[in-house]
Amino acid sequence: MKKPLIALALVLVGAAAAAHAQAEPPVHPALNDRYFLGLGVFFPKTTTQAQLRSNTTGAGVSLDFESSLDMDRSKTVPSFFGRWRINHRWRVEAEYFEMNRSSDRVIDRQIEWGDQVFPINTTISSKFNFSDFRVSAGYSFFRTVDKELGAGLGLHMASYDVRLSTPTGGGDGEDVLAPLPVLSLYAQFALTDRWALGTRLDRFSLAYDKFDGGLTSLGLDVLYQPFRHVGFGVSYRSLFIRAEIEGDRATASFRQAFEGPMLFVNASW
């Protein structure tokens with residue numbers, strides 16, 4: 001009696017496996033719609049070290065802007081992103097966010113910032129504005145209706161506006177735009193016709209002429225699209241930047257990290 005039951009069980013398991021193998025893969029809009037646009041709220045925590053070193057005197061200390069100048073370590077900022085599938089294999093992506101901060105503090109040590117020297121007990125007004133615009137073109141070397149793996153080339157346009165000043169007007173600052181080319185790897189998977197996962201890694205490192213720097217960026221997305229053209233998601237974003245750029249008057253150095261979750265709503269068609 002046991003052998004027929006075991007045989008029947010094996011037949012049922014085999015039939016279920018065959019039916020599953022023949023089932024249509026899930027079709028999720030994020031993997032198949034031509035256009036995908038998103039608006040998110042990013043909650044990054046950041047650490048910032050920066051130095052403005054005078055090219056004439058060599059003066060300039062490295063500052064931790066959060067600890068030394070009382071800048072906010074976390075902030076809620078908007079984020080925008082989009083994707084255009086040119087055809088079955090090729091796609092173009094873009095993403096943007098900015099984080100602007102300022103503070104006032106009476107310093108407890110002398111600070112040398114470029115050609116400016118701030119003595120002890122000076123009130124310093126500091127500004128550290130940052131924005132990152134990422135654009136990339138990718139080719140999906142593996143592509144089905146529910147899975148996608150690809151690689152591409154991109155550019156992170158990292159913009160800095162950093163200034164230290166006093167209430168009397170003395171101070172110094174630097175505006176820097178660092179276009180950082182990156183190699184990108186990405187993947188997307190549809191779990192069902194409503195749920196999907198996505199991930200992306202950007203990497204760059206270069207030392208050339210008056211520039212020395214590197215960048216690592218990671219994105220992880222969980223998407224839920226209950227409506228045909230509208231969905232929602234939660235993401236994790238991280239961005240690590242290291243750069244040293246020699247200018248005419250001074251050399252600016254930055255080390256910065258952004259990490260945190262993002263909530264977003266998206267539209268696709």
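## The largest pocket

The largest pocket has a volume of about 150 Å³. The model behind this value is predicted. Rolling a probe the size of a water molecule over the atoms shows where empty space is left.

Which residues line the largest pocket? They are Gln49, Ala50, Gln51, Ser62, Asp212, Arg242, Ala243, Glu244, Ser253, Phe254 and Arg255. By type, the lining splits into three nonpolar, four polar and four charged residues. Nonpolar here covers Ala and Phe, and the lining includes Ala50, Ala243 and Phe254. The charged kinds include Asp, Glu and Arg. In the lining, look for Asp212, Arg242, Glu244 and Arg255.

Three strands each supply at least two residues of this lining: S2 (45–54), S13 (230–246) and S14. S14 spans residues 250–268.

Now follow the strand pairing. Strand S1 covers residues 35–42, and strand S4 covers residues 77–85. The two run antiparallel, joined by eight bridges. Where does Phe42 find its bridge partner in S4? The partner is Val77.

S4 also pairs with strand S5, residues 90–106. This pairing is antiparallel too, with seven bridges. A hairpin of four residues leads from S4 to S5. Across this pair, Gly82 has Ala94 in S5 as its bridge partner.

S5 pairs in turn with strand S8, residues 123–143. How many bridges hold this antiparallel pair? There are 17.

S8 then meets strand S9, residues 147–165. They run antiparallel, and 18 bridges join them. The hairpin from S8 to S9 has three residues. Ser131 has a serine as its bridge partner in S9, namely Ser159.

Taken in order, the pairings link S1 to S4, S4 to S5, S5 to S8 and S8 to S9.

## The nonpolar core

In soluble globular proteins, nonpolar side chains tend to be buried together. In this model, the largest nonpolar core has 44 residues. Which members touch the most other members? They are Phe65, Trp113, Phe128, Phe130, Tyr160 and Leu164. Strand S14 gives the most to this core, with six residues.

Phe128 and Phe130 fall within S8, residues 123–143. Tyr160 and Leu164 fall within S9, residues 147–165.

Technical notes: Residues numbered from 1 in each chain as written. Predicted model: local features only at pLDDT ≥ 70, side-chain atom pairs only at ≥ 80, totals over all residues. Heavy atoms only, no water. Pairing = 2+ DSSP bridges. Core = buried A, V, L, I, M, F, W, Y, C linked by side-chain atoms within 4.5 Å. Buried < 20%, exposed > 50% of the residue type's maximum accessible area, 1.4 Å probe, protein only. 1 Å grid on protein atoms, 1.4 Å probe; cavity = no way out; pocket = protein on both sides within 12 Å on 5 of 7 lines; lining within 4 Å. Points joined across faces, edges and corners; volume = space filled by probe spheres on them.
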